[in-house]
Amino acid sequence: MRESITATLSSELAGDTAPAAAADDSSSSAMYSIEQQHQQDVDDADLIEINPLDLFCSSIDTLRGTSIDQIIPPNSGWSTRPTRISGVAATGTGFSTLSNTTNDREEIQRMCRRGIPPSLRCAAWIINVVAGANPDMSKSDCDDFGTFRKVRVIDHGWDLTLKSLFPDESDVERANVLDFGVGHDHLMNILLRDYNKGGPIPDRGIQSLTKVLHAARDSLGLEFCPLLPDVSCLLLSYMPESYAYATIRQMVADDSSYFLAVSRVQHLAWCKTFSDLMKRCFPQTAAVMEQIGALSPIGLEPILKRFFVPLLRRKHVLRVMDIFTGEGAHAIFRIGTTLCCLAHAHLGDLIREHCDNVAVFWEGVRRFAHSKHFRFGIFLDHQAYGVQKSLRILTRPIFPRQDFVSRLLSNNEPWAEENQINIPIHEEKRPLGLVEGEIPMVLAKHSPERLCLAQWLPPSLQSTKLDLIFSSNHHGRSVEMFYRRCSASKHTITIMEVLGTDTVIGMYATQTWHNNPDGYGDGECFIFRLKPKPECFRYKIGASHITAFDEGEENVTGLDDAGQLMISSGAFISMGIGEGGASGLRLNEDLTRGSTSKSIGFGNEELIAEGVEVFEVGLVEVYRFIREVDNKPVDKVDPWKGLFD
């Protein structure tokens, strides 16, 4: 039936257009009516004979379990009824970004920059990646990956992979989330804060992420790929596990680093390439960034390890992902360098005045990118993908073309091979500094203890100095005085000695200590043993349920306790929740007796010794953090305050 309708329409159009070519005064309105009728008839034919296997797969949020808007705006440029025959673009050009003509390819890339509708992201992302990884594959074969034609193949392959990796369901529960070189602190931010509106990823999402990352390591052979945890989270936000894994498999198929850096050498080459492009395109910004270390491999982590997640709003990160699936690493370099330049222009001289480390610089970039002054669409069109006038030619791109960036990456790999031992990819910690005051410091005086604390703290606090704000030897032993001395400090470290032993233990708080028995704090809190055998016990995802304090209450999961890690009142201060009302670490009202037990979330062992839960407390000290650049408290200094209001 489709063939007969199409043949009839073609015959009618041929009969009508022949005389029109001979007669210049043919009616344009008649031609428009014919074209309208042709389109309507073809659409009717599509309605009658659509093969279900030609339909594109809809997006699904596997990571968070939220619903996805399935409506495609009619004037968005995307087909409101996409099939393999019509393509997902309203222009009918299909979706393959590398298998069509140059004009079609550029048009699809422009559409991706405007944003892919959420309902189409599953199909569009995998088609884009397949086309980028297989430039010789036909458009039809690329499009198959986004339709129901490939569902059984992709799901079957995933089922086989899961059976080989996790023969029993309990194997998944015992598996940890792999970091692939992104680092523990970044991984905790991914799991606890960055993907669920400031809260932790649900348990099911954690399990899906765990399975995909283990498959990437054990089936695809990946060991170091810092971008992979974030890219996997983004894929799982719009794909089932099987499609996320299939997409990652295509990304790393030929080990060309077109999409991802899959070794330390490639990652170092990416960092060198980013630095070279900054110096070539935006030399003034590059000079400022280089001075504070923001162009080093460690300094570039928010972009080259975290895929812009700490810098941009989520909707803008997804727009970057739309572009990245079609253009690969080139999109990261282009958008990243241009973002740094634009932020530098808005931050101005404040960078030189207040930036003594990369954490402060990137916080300024984040503030700018979240402000009303940053318009992502304009940024893409006029800065990242804009052109500028030249004396020799009419216009030229602001950013180098993809082939130039690819050559630069290739040229930097031998350099990265030679320097991979000499240039650190992970930051080498140094001890926290000290602020000398009238009250002598005791428990954190020596550098080995301060080095341990620096290694455990978030990156933004690792280049600070400790300032003693409470000492039981000087301020007395009472919870009231403890609260009073801590009232102006949000981030603090409390350290205490255990009488009769050489043990020193403590806790790091992310919110101001105050009388609040309902609980507060977040997943960045931790408890620790400083001496002997220093060890930090951080909040962990996937803790089992515990018994609530009141028998009438329901059991709660470890994830629910992330906002109840700090509990305090007029009678005690504590961190961590244990069974039967116990705490990970607790001090009584006069700071003379303490208790410790295994707590859900932290999963800590005995802090003092096996079987020792109650202990006598000696000296108690509380420290706040002081910035090195201007000797001002971290919690009171905000160099970007008011700049983007």
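Trainee: Leaving aside neighbours within four places in sequence, which residues is Leu461 in contact with?
Mentor: Leu461 is in contact with Leu432, His491, Tyr508, Phe625 and Val634, where contact means heavy atoms within 4.5 Å. This is a predicted model, in which local features need pLDDT of at least 70 and side-chain atom pairs count only at pLDDT 80 or more, while totals for chains, interfaces and linings use all residues. Residues are numbered from 1 along each chain as its sequence is written, and side-chain values use heavy atoms, with hydrogens and water left out.

Trainee: Why is Leu461 called buried?
Mentor: Buried means under 20% relative accessible area, exposed over 50%, and partly exposed in between (1.4 Å probe, protein chains only). Leu461 has a relative accessible area of 3%, so it is buried. The residue lies in the loop between helix H21 (447-456) and strand S6 (464-471); helices (H or I, at least four residues) and strands (E, at least two) are DSSP runs, numbered from the N terminus.

Trainee: What makes Ser489 count as buried?
Mentor: Its relative accessibility is 4%, and Ser489 therefore counts as buried. Ser489 sits in the loop between helix H23 (479-486) and strand S7 (492-498). Beyond its neighbours within four places in sequence, Ser489 touches Ile469, Thr512, Arg624 and Asp635.

Trainee: Why are H6 and H9 called roughly perpendicular?
Mentor: The axes of helix H6 (residues 151-165) and helix H9 (residues 203-218) come within 10 Å and cross at roughly 80°. Axes are lines fitted to C-alpha atoms, for helices over the stretch in contact, and angles run from 0 to 180 degrees between N-to-C directions. Angles under 35 degrees count as roughly parallel, over 145 as roughly antiparallel, 65 to 115 as roughly perpendicular and the rest as oblique. H6 and H9 are therefore roughly perpendicular to each other.

Trainee: How do you know that the buried residues of H13 line one face of the helix?
Mentor: In helix H13 (residues 283-292), the buried residues are Thr285, Ala286, Val288, Met289 and Ile292. Viewed down the axis of H13, they fall within an arc of 165°, so they line one face; the arc is that of the directions from the helix axis to the C-beta atoms. The face turned away from the buried side of H13 carries the exposed residues Gln284 and Gln291.
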